[in-house]
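This briefing sets out selected structural features, grouped by topic. Please read it alongside the sequence and the coordinates shown here.

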Number of protein chains: 2
Amino acid sequence: MQMRELSRASGVPVATVKYYLREGLLPAGTPTSATRATYDDSHLQRLRLIRALAEVGQLRLETVRTILTAVDGGGTLHETVGAAHTALAPLGPASPQADEAVDRLLRRRRWRVHQDSSNRHALAVAFEALDKVGFEVVDTTLDAYADAALTVATVDVETVPTDSAEHAVEHVVVGTVLFEPLLLALRRLAQEHLSSRRLGRPGRPVRTARSTRG
Amino acid sequence: MQMRELSRASGVPVATVKYYLREGLLPAGTPTSATRATYDDSHLQRLRLIRALAEVGQLRLETVRTILTAVDGGGTLHETVGAAHTALAPLGPASPQADEAVDRLLRRRRWRVHQDSSNRHALAVAFEALDKVGFEVVDTTLDAYADAALTVATVDVETVPTDSAEHAVEHVVVGTVLFEPLLLALRRLAQEHLSSRRLGRPGRPVRTARSTRG
C-alpha cells in the first residue's frame with residue numbers, strides 16, 4: 001500500500017508516519033521510484049503498535065524505541081520482557097526500609113522473583129511514596145492487592161500465545177502495557193460504583209468542610 | 001522551620017521548593033524578615049504530597065495543580081474526586097464500539113456509574129487501543145480484571161477515613177493515584193512469579209525465534 005493508505009488504515013497522520021520512518025521506529029518500505037515506496041501489513045501492524053504504546057501507554061518515544069528494540073532483538077522471552085519492564089520502571093532510589101517491605105511481602109506470598117528484578121524496585125518506590133505522604137499500607141490491604149494482582153496475572157500468563165515465540169514476546173510486552181490502563185480504569189469504575197453506594201445517590205452529594213489550608 | 005529544614009525534611013531541593021512557591025503550588029510561609037519566612041507542618045505535608053504526585057504518579061505539574069485545587073476547593077467529595085479523575089483521564093476520543101463495550105460490561109456487572117463519568121471514557125480508550133493492535137479481550141478475561149478491580153476498590157473505599165471531610169478527600173485522591181503504581185508493580189511481580197513457573201527456572205531461558213521484521 002501507499003503511504004497515504006498506510007496513514008488512513010492506522011489512523012496516524014502522514015507527517016507522523018514520516019517522522020517515525022526518519023526516527024527508525026518504522027522500517028523503510030520497498031522503493032517503487034525515487035520518491036515513493038510501498039508498505040505491507042507488517043508496517044501497518046508496527047504503526048498500530050507504536051500508536052498504542054505512545055497514546056494509551058502514554059510512553060515517551062525513547063521508551064517506545066526501547067520496547068521495539070527488545071521485541072525485534074531475538075533475545076529470550078525473559079530478557080525481552082525484562083528489558084521492557086526496565087524501560088517502564090519508575091526512576092529514583094528507594095529506602096532500605098521499602099526494599100525490606102518488598103522482601104517481606106514476597107516471602108510471605110512465596111512469590112518467586114529475581115533478586116535484581118526491576119519490578120521489585122518499582123514496588124519499593126511505590127511503597128516509599130505512600131510512606132512519604134503518611135499512608136500506612138497494612139498487611140490486609142496489601143494482601144487484597146496481591147490477590148487481585150495474582151488474579152489478573154494468571155489470566156495474562158495463560159493467554160500468552162504459543163504459536164510463535166515472536167508473537168509471544170510481542171503479546172507479553174504489549175499486554176503488560178496496554179492492560180494497565182484497562183485495570184486502572186476498572187479500579188476507578190469499581191470505586192465509583194462502591195462509593196456511590198456508600199455515600200448515597202448522585203444528586204445527594206456529601207458536603208465537605210472548607211479547606212483550612214493555603 | 002526554615003526553608004533549608006523544610007527542604008531536608010521533605011527531600012525536595014531548595015531550588016525546587018522555591019519553584020513550587022513561585023508557581024503557587026505551595027502556600028507562602030510566614031515572613032520573619034524581608035527575605036526570610038518560616039514554614040510549618042502543613043507546608044511539609046503539602047510538599048510531600050506534591051513530590052509523591054509528581055515523582056511516583058509521574059504527573060505533569062498542571063495535573064498536580066488541578067488535583068491540589070480540587071483538594072483545597074471545599075467542593076463535595078464526588079466533585080473533588082471527579083475533578084481529579086478528569087485531570088488524570090487519558091485524552092483522545094473512543095469509538096462508538098468501544099463505548100458500547102463499556103456499557104455492556106457495566107450492565108453485566110451491575111455497576112452503578114455516572115453516564116458522563118471520565119472513568120467510562122478511560123475504559124473505552126483502553127478497549128480501543130487493545131482493539132487497534134488486534135488484542136481481543138474476551139469476557140472471561142474481562143471478568144477476571146473486573147473481579148480484581150472490585151477486590152482492591154472494596155479495600156480502597158472501606159479505608160477512607162471519616163474523621164474529617166478534607167482528610168477523606170485527600171485520602172481518596174492521593175490513594176487513587178499512589179496505589180496505582182503499587183497495583184501495577186504487584187501485577188508485574190505476579191506475572192514474573194507465574195511465568196517463571198510456566199517457562200522454567202531463571203538461568204534456563206526459553207529461546208525465541210529471531211524477528212523477521214525490520
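Predicted model: local features only at pLDDT ≥ 70, side-chain atom pairs only at ≥ 80, totals over all residues.

Asp143(A) counts as partly exposed because its relative accessible area is 22%.

**Asp143(A) and its surroundings**

- Asp143(A) is placed in helix 8 of chain A.
- Leaving aside residues up to four places away in sequence, Asp143(A) touches Arg108(A) and Arg109(A).
- Along the chain, Asp143(A) and Val177(A) are 34 residues apart, and their C-alpha atoms are separated by 23 Å.

**Chain A as a whole**

- Chain A contains nine helices and two strands, and the order of these elements along the sequence is α-α-β-β-α-α-α-α-α-α-α.
- Chain A has 214 residues, of which 51% count as buried.
- Among the contacts in chain A with a separation of 6 or more, 58% come from residues 24 or more positions apart.

**Packing of helix 8 against helix 8**

- Helix 8 of chain A (residues 139–158) packs against helix 8 of chain B (residues 139–158) at an angle of about 170°, and the axes are 9 Å apart.
- Because angles over 145 degrees count as roughly antiparallel, this angle makes helix 8 of chain A roughly antiparallel to helix 8 of chain B.
- From helix 8 of chain A, the contact is made by Thr141(A), Ala144(A), Tyr145(A), Ala148(A), Thr151(A), Val152(A), Val155(A) and Asp156(A).
- From helix 8 of chain B, the contact is made by Thr141(B), Ala144(B), Tyr145(B), Ala148(B), Thr151(B), Val152(B), Val155(B) and Asp156(B).
- The residues in this contact of helix 8 of chain A with helix 8 of chain B comprise ten nonpolar, four polar and two charged.
- Helix 8 of chain B has 20 residues and spans 28 Å from its first C-alpha to its last, close to the 28 Å expected at 1.5 Å a residue.
- The buried residues of helix 8 of chain B include Thr141(B), Ala144(B), Tyr145(B), Ala148(B), Val152(B), Val155(B) and Asp156(B), each of which is also listed in the contact with helix 8 of chain A.
- Also buried in helix 8 of chain B are Leu142(B), Ala146(B), Ala149(B), Ala153(B) and Val157(B).

**Helix 6 of chain B and the residue after it**

- Helix 6 of chain B (residues 96–109) has 14 residues and reaches 20 Å from first to last C-alpha, close to the 20 Å expected at 1.5 Å a residue.
- Ala98(B), Ala101(B), Val102(B), Leu105(B), Leu106(B) and Arg109(B) are buried in helix 6 of chain B.
- Just after helix 6 of chain B comes Arg110(B), with a positive phi of about 55°.

**Arg110 in both chains**

- Arg110(B) is located in the loop between helix 6 and helix 7 (118–132) of chain B, and Arg110(B) is exposed, with a relative accessible area of 71%.
- For Arg110(A), phi is near 55°, which is a positive value in a residue other than glycine.
- Arg110(A) sits in the loop between helix 6 (96–109) and helix 7 (118–132) of chain A, and with 72% relative accessibility Arg110(A) counts as exposed.

**Helices 1 and 2 of chain B**

- The axes of helix 1 (residues 3–10) and helix 2 (residues 14–23) of chain B come within 9 Å and cross at roughly 105°.
- Helix 1 and helix 2 of chain B are therefore roughly perpendicular to each other.
- Met3(B), Leu6(B) and Ser7(B) of helix 1 of chain B form the contact with Val14(B), Val17(B), Lys18(B) and Leu21(B) of helix 2 of chain B.
- This contact of helix 1 with helix 2 of chain B involves five nonpolar residues, one polar and one charged.

**Two buried residues of chain A**

- Ser7(A) lies in helix 1 (residues 3–10) of chain A and is buried, with a relative accessible area of 12%.
- Beyond residues up to four places away in sequence, Ser7(A) touches Val12(A), Pro13(A), Val14(A) and Val17(A).
- Ala122(A) belongs to helix 7 of chain A and counts as buried at 12% relative accessibility.
- Ala122(A) and Pro31(A) are 91 residues apart in sequence and 44 Å apart in space, C-alpha to C-alpha.

Conventions:
Residues numbered from 1 in each chain as written. Chains lettered and ligands numbered in written order. Heavy atoms only, no water. Helix = DSSP H or I, 4+ residues; strand = E, 2+ residues; numbered from the N terminus. Expected span 1.5 Å × (residues − 1). Buried < 20%, exposed > 50% of the residue type's maximum accessible area, 1.4 Å probe, protein only. Axes fitted to C-alpha atoms, helices over the stretch in contact; angles between N-to-C directions. Parallel < 35°, antiparallel > 145°, perpendicular 65-115°, else oblique. Contact = heavy atoms within 4.5 Å. Nonpolar A, V, L, I, M, F, W, Y, C, P; charged D, E, K, R; others polar.
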